[in-house]
Amino acid sequence: MAEHVFKVIELVGTSKESVSDAIDVAVRRAAETIRNLRWFEVVSTRGDIADGKVLHYQVTLKVGFTLEAS
């Protein structure tokens with residue numbers, strides 16, 4: 001098995017629907033410009049509240065992708 005080297009970046013996804021949707025938004029958008037995405041880790045979760053209701057979810061992720069061989 002070949003060894004892998006990963007690059008880790010931080011992303012913030014947002015959604016009016018859910019934490020899960022905020023994660024999906026961030027990963028989908030990153031996949032448009034970054035190849036070889038492999039994993040994510042949720043670093044923090046927060047959101048906006050108004051009148052006792054959650055209005056917006058915000059999730060910070062660390063995302064890892066493999067570097068291509070040169």
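Where is Asn 36 found? Let us look at a predicted model, in which local features need pLDDT of at least 70, side-chain atom pairs count only at pLDDT 80 or more, and totals for chains, interfaces and linings use all residues. Residues are numbered from 1 along each chain as its sequence is written, and side-chain values use heavy atoms, with hydrogens and water left out.

**View 1. Asn 36 sits in the loop between helix H1 (19-31) and S2.** Helices (H or I, at least four residues) and strands (E, at least two) are DSSP runs, numbered from the N terminus. Although Asn 36 is not a glycine, its phi is positive, at about 65°. Asn 36 is partly exposed, with a relative accessible area of 26%; buried means under 20%, exposed over 50%, and partly exposed in between (1.4 Å probe, protein chains only).

**View 2. Leu 37 belongs to strand S2 (residues 37-50).** With a relative accessible area of 22%, Leu 37 is partly exposed. Setting aside neighbours within four places in sequence, Leu 37 is in contact with Val 27, Ala 30, Ala 31, Val 63, Gly 64 and Phe 65, where contact means heavy atoms within 4.5 Å. Look for Lys 7 as well: Leu 37 and Lys 7 are 30 residues apart in sequence, and their C-alpha atoms are 9.5 Å apart in space.

**View 3. Asp 51 lies in the loop between S2 and strand S3 (53-66).** Asp 51 has a positive phi of about 55° although it is not a glycine. Is Asp 51 buried or exposed? Asp 51 is exposed, with a relative accessible area of 80%.
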